[in-house]
Amino acid sequence: MVDKDGKLTQTRTVLCGLGAGVMEAIVIVCPMETVKVKFIHDQNQPNPKYKGFFHGVKEIVKQEGIRGTYQGLTATILKQGSNQAIRFFVFNNLKSSFQISEGGSSWQYYNTVILNTDTSLSDEDDMLLEGVAP
């Protein structure tokens, strides 16, 4: 999906996010959400039939097949796909706006101060935090 310089265009970034969201919906979110909703509904019944997570999943698959864990897949794909497409697009644009072509110290500052993921600061970042640098 990257160009010859190893970069993603904005359109391809959105498409990557969409693809990630669709896979996330199919593999993880839809089955978990379906099971969760069925458990909540079951617990509100006078005589719940599911005794725990694994027992519940086993009973759902036994009664409805694997398809029983994929109810609402289309809506989940739309939700997760659009969510991740937007997230990838926004994050990639924010990342680009924080990067400086010479060394990327603004990105390091963003990681350190905003995300709290990097403990090492350059001298320039130290001065910036102390209010010395512009």
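This report describes the helices of a predicted protein model and a few of its residues.

## Basis of the model

The model is predicted: local features need pLDDT of at least 70, side-chain atom pairs count only at pLDDT 80 or more, and totals for chains, interfaces and linings use all residues. Residues are numbered from 1 along each chain as its sequence is written, and side-chain values use heavy atoms, with hydrogens and water left out.

## Overall make-up

The protein has five helices and zero strands. From the N terminus on, its elements run α-α-α-α-α. Helices (H or I, at least four residues) and strands (E, at least two) are DSSP runs, numbered from the N terminus.

Of the 134 residues, 24% count as buried. Buried means under 20% relative accessible area, exposed means over 50%, and partly exposed lies in between (1.4 Å probe, protein chains only). Contact means heavy atoms within 4.5 Å. Among contacts between residues at least 6 apart in sequence, 45% join residues at least 24 apart.

Helix 2 covers residues 53-64. Its expected span is 1.5 Å times one less than its number of residues. For twelve residues that should give 16 Å, and the end C-alpha atoms are 16 Å apart, which agrees.

Which residues of helix 2 are buried? They are Gly56, Glu59 and Ile60. Seen down the helix axis, the buried residues fall within an arc of 100°, so they line one face of helix 2. The arc is that of the directions from the helix axis to the C-beta atoms. An α-helix has 3.6 residues a turn, so residues three or four places apart point the same way. On the other side of helix 2, Phe54, Lys58 and Lys62 are exposed. Just after the helix, Gly65 takes a positive phi of about 80°.

Glu59 of helix 2 has a relative accessible area of 14%, so it is buried. The C-alpha atoms of Glu59 and Lys49 are separated by 8.8 Å, and the two are ten residues apart along the chain.

## Helix 1 against helix 2

What do the buried residues of helix 2 pack against? They pack against helix 1 (10-43). The two axes come within 11 Å and cross at roughly 100°. Axes are lines fitted to C-alpha atoms, for helices over the stretch in contact, and angles run from 0 to 180 degrees between N-to-C directions. Helix 1 and helix 2 are therefore roughly perpendicular to each other (under 35 degrees counts as roughly parallel, over 145 as roughly antiparallel, 65 to 115 as roughly perpendicular and the rest as oblique).

Helix 1 brings Met32, Val35, Lys38 and Phe39 to the contact. Helix 2 brings Phe53, Gly56, Val57, Ile60 and Glu64. By class, the contact has six nonpolar, one polar and two charged residues. Ala, Val, Leu, Ile, Met, Phe, Trp, Tyr, Cys and Pro count as nonpolar, Asp, Glu, Lys and Arg as charged, and the others, Gly among them, as polar.

Thr76 is found in helix 3 (residues 73-98). Is Thr76 buried or exposed? Thr76 is buried, with a relative accessible area of 13%. Not counting residues up to four places away in sequence, Thr76 touches Ala25, Val29, Cys30 and Gly81.

Ile77 is also in helix 3. Ile77 is partly exposed, at 23% relative accessible area. Leaving aside neighbours within four places in sequence, Ile77 is in contact with Val22, Ala25, Ile26 and Ser82. Ile77 and Val29 are 48 residues apart in sequence and 9.0 Å apart in space, C-alpha to C-alpha.
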